[in-house]
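Try each task yourself before reading its solution.

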Amino acid sequence: RAFLMSSGCKDILSLNDLSANFNSSPRTIQRRLKKENTTFQKLAEEVMTYFAKEALQKGDFATKEIAYMLGYNELSAFSRAFKRWTGQSPYAYRALPKVL
């Protein structure tokens, strides 16, 4: 998780990239993640959710720009993913009061 967070939101790495960084095979990474009751996909979605929420709350970027930063070519695809992750649309989340 920490490695994915440090990679930044622009280039969420693939399982192959992650395994190469740790000099392991993708299958070894998958087995280790399974022991932790998670998958690479779940970790990647956690990281993307974190970056999306941060960007939406800060308000420095338009929703379309955030979608692009996270690797989505279409705003609608990002909106569907964000709703799946959080239960609300990016626009509804942006409208929430800022937490200090």
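Just after H3, Asn37 adopts a positive phi of about 60°. Keep in mind that this is a predicted model.

**Exercise 1.** Find the buried residues of helix H3 and work out how they are arranged around its axis.

*Solution.* 
- Step 1. Helix H3 spans residues 26–35, and Thr28, Ile29 and Leu33 are buried in it.
- Step 2. These residues cover an arc of only 135° around the axis, so they sit on the same side of H3.
- Step 3. Now turn to the face of H3 directed away from the buried side, where you find the exposed residues Lys34 and Lys35.
- Step 4. Finally, look at what covers the buried residues of H3: the cover includes helix H2 (15–21) and H4.

**Exercise 2.** Is Thr38 buried or exposed, and which residues does Thr38 touch beyond its sequence neighbours?

*Solution.* 
- Step 1. Locate Thr38 in the loop between H3 and H4.
- Step 2. Its relative accessible area is 13%; because buried means under 20%, Thr38 is buried.
- Step 3. Leaving out residues up to four places away in sequence, Thr38 touches Leu33 and Leu43.

## The whole chain

**Exercise 3.** Describe the fold in terms of its elements, burial and contacts.

*Solution.* 
- Step 1. Count the elements: the chain has seven helices and zero strands.
- Step 2. Read from the N terminus, the order is α-α-α-α-α-α-α.
- Step 3. Of the 100 residues in the chain, 35% are buried.
- Step 4. Take the contacts with a separation of 6 or more: 51% of them are between residues 24 or more positions apart.
- Step 5. For the surface, the chain exposes about 6700 Å², and carbon and sulfur atoms supply 53% of that area.

**Exercise 4.** Which parts of the chain lie across from Phe40 and Ala44, going by the C-alpha separations to Ser14 and Leu15?

*Solution.* 
- Step 1. Phe40 is found in helix H4, residues 40–58, and Ala44 lies in helix H4 as well.
- Step 2. Phe40 is buried, at a relative accessible area of 14%, and Ala44 is buried at 5%.
- Step 3. Phe40 and Ser14 are 26 residues apart along the chain, yet their C-alpha atoms are separated by 8.4 Å.
- Step 4. Likewise, Ala44 and Leu15 are 29 residues apart along the chain, with 9.5 Å between their C-alpha atoms.

## Cores and aromatic rings

**Exercise 5.** Identify the largest nonpolar core and say which elements build it.

*Solution.* 
- Step 1. The largest nonpolar core has 16 residues, and those with the most contacts inside it are Ala52, Ile66, Leu70, Tyr72, Phe78, Phe82 and Trp85.
- Step 2. H4, H5 and H6 are the elements that give two or more residues to this core.
- Step 3. H4 provides the largest share of this core, six residues.
- Step 4. Another core lies apart from this one; it has seven residues, among them Leu15, Leu18, Phe40 and Leu43.

**Exercise 6.** Classify the ring pair of Phe78 and Phe82.

*Solution.* 
- Step 1. A search of the whole structure gives six aromatic pairs.
- Step 2. In the pair of Phe78 and Phe82, the ring centres are 5.9 Å apart and the planes are at 45°, so the pair is tilted.
- Step 3. The two residues are four residues apart in helix H6 (residues 75–86), which means that about one helical turn separates Phe78 and Phe82.
- Step 4. Phe78 is buried at 0% relative accessible area, and Phe82 is also buried at 0%.
- Step 5. Widen the view: Tyr72, Phe78, Phe82, Trp85 and Tyr93 form one aromatic cluster.

**Exercise 7.** What does the side chain of Thr63 make a polar contact with?

*Solution.* 
- Step 1. Find Thr63 in helix H5 (residues 63–69).
- Step 2. Thr63 is buried, with a relative accessible area of 7%.
- Step 3. The side chain of Thr63 makes a polar contact of 3.3 Å with the side chain of Arg94.
- Step 4. Beyond residues up to four places away in sequence, Thr63 touches Leu56, Leu75, Phe78, Pro90, Tyr91 and Arg94.

Key:
Residues numbered from 1 in each chain as written. Predicted model: local features only at pLDDT ≥ 70, side-chain atom pairs only at ≥ 80, totals over all residues. Heavy atoms only, no water. Buried < 20%, exposed > 50% of the residue type's maximum accessible area, 1.4 Å probe, protein only. Phe/Tyr/Trp six-rings, centres within 6.5 Å; stacked < 30°, edge-to-face > 60°. Contact = heavy atoms within 4.5 Å. Areas by Shrake-Rupley, 256 points an atom, 1.4 Å probe, with all protein chains shown as cover. Polar contact = N/O pair within 3.5 Å; in protein donor to acceptor, adjacent residues only side chain to side chain. Arc of directions from axis to C-beta. Core = buried A, V, L, I, M, F, W, Y, C linked by side-chain atoms within 4.5 Å.
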